[in-house]
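Here is my note on the model, as numbered points. Please read it with the structure open.

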Amino acid sequence: METAQEVAADMANRAIYKILSEAHPGTMHAIHCINFKRLYELMLDEEIKGARVGMCETRGVRIVHFDVPYHCD
């Protein structure tokens with residue numbers, strides 16, 4: 001039986017593959033990040049009900065907010 005961590009890693013790999021394989025040249029990385037998080041949340045919730053994707057924070061790295069629209073096909 002897989003652990004929740006293994007399932008989460010598998011879902012993350014699948015989500016980023018989908019986002020990047022459908023990416024258009026010139027799209028801001030922020031758009032890809034937003035779309036990844038949305039898709040990952042959906043996929044992960046299907047496998048592990050109630051699972052949440054938290055904010056990625058790294059000590060010492062300044063967060064830059066982008067006011068960009070997002071979509072998740």
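1. **The Lys49–Asp45 pair.** I start with lysine 49 and aspartate 45, whose side chains meet in a salt bridge with an N to O distance of 4.0 Å. Lysine 49 is exposed, at 66% relative accessible area. Aspartate 45 is partly exposed, at 28%. Keep in mind that this is a predicted model. The cut-off for a salt bridge is within 4 Å, and the distance for this pair is given as 4.0 Å.

2. **The other salt bridges.** How many salt bridges does the count give? The count comes to 3. Aspartate 10 pairs with arginine 14, and their closest N and O atoms are 3.0 Å apart. Both residues sit in helix α1, which covers residues 4–21. They are 4 residues apart there, so about one helical turn separates them. Aspartate 10 is partly exposed, with a relative accessible area of 29%. Arginine 14 is also partly exposed, with a value of 48%. Glutamate 22 and lysine 18 form a further bridge, at 2.8 Å from N to O. Glutamate 22 is partly exposed at 42% relative accessibility, and lysine 18 is partly exposed at 29%.

3. **Overall make-up.** The chain has 2 helices and 0 strands. Of its 73 residues, 22% are buried. The chain exposes about 6200 Å². Carbon and sulfur atoms supply 56% of that area. Take the contacts with a separation of 6 or more: residues 24 or more positions apart account for 64% of them.

4. **Helix α1.** This helix has 18 residues. From its first C-alpha to its last it reaches 26 Å, close to the 26 Å expected at 1.5 Å a residue. Which residues of α1 are buried? They are Val7, Ala8, Met11, Ala12, Ala15 and Ile19. Seen down the helix axis, the buried residues of α1 fall within an arc of 135 degrees, so they line one face. Asn13 and Tyr17 are exposed on the other side of α1. What do the buried residues of α1 pack against? Their partner is α2.

5. In soluble globular proteins, nonpolar side chains tend to be buried together. Here the largest nonpolar core holds 11 residues: Val7, Ala8, Met11, Ala12, Ala15, Ile19, Leu39, Tyr40, Met43, Leu44 and Val53. Helices α1 and α2 (29–47) each supply at least two of the core residues. The largest share, 6 residues, comes from α1.

6. **Met43.** This residue belongs to the core. Which residues does methionine 43 touch, not counting those up to four places away in sequence? They are Met11, Arg14 and Ala15. Arg14 also takes part in the salt bridge with aspartate 10.

7. **Leu44.** Leucine 44 lies in helix α2. It is buried, at 5% relative accessibility. Leaving aside neighbours within four places in sequence, leucine 44 is in contact with Ala8, Met11, Ala51 and Val53. Leucine 44 and alanine 15 are 29 residues apart along the chain, and their C-alpha atoms are separated by 9.4 Å. Both are members of the core.

8. **His32.** Is histidine 32 buried or exposed? Histidine 32 is buried, with a relative accessible area of 12%. The residue is found in helix α2. With neighbours within four places in sequence left aside, its contacts are Ile19, Ala23 and Thr27. Of these, Ile19 is one of the buried residues of α1.

9. **Lys37 and Val53.** Lysine 37 has its place in helix α2. It is partly exposed, at 31% relative accessibility. Lysine 37 and valine 53 are 16 residues apart in sequence, and 7.3 Å apart in space from C-alpha to C-alpha. Valine 53 is one of the core residues, and it is also in contact with leucine 44.

Conventions. Residues are numbered from 1 along each chain as its sequence is written. This is a predicted model: local features need pLDDT of at least 70, side-chain atom pairs count only at pLDDT 80 or more; totals for chains, interfaces and linings use all residues. Side-chain values use heavy atoms; hydrogens and water are left out. Buried means under 20% relative accessible area, exposed over 50%, partly exposed in between (1.4 Å probe, protein chains only). A nonpolar core is a set of buried Ala, Val, Leu, Ile, Met, Phe, Trp, Tyr and Cys residues joined through side-chain atoms within 4.5 Å. Contact means heavy atoms within 4.5 Å. The expected span of a helix is 1.5 Å times one less than its number of residues. The arc is that of the directions from the helix axis to the C-beta atoms. Accessible areas come from the Shrake-Rupley method with a 1.4 Å probe; for residues, only the protein chains shown count as cover.
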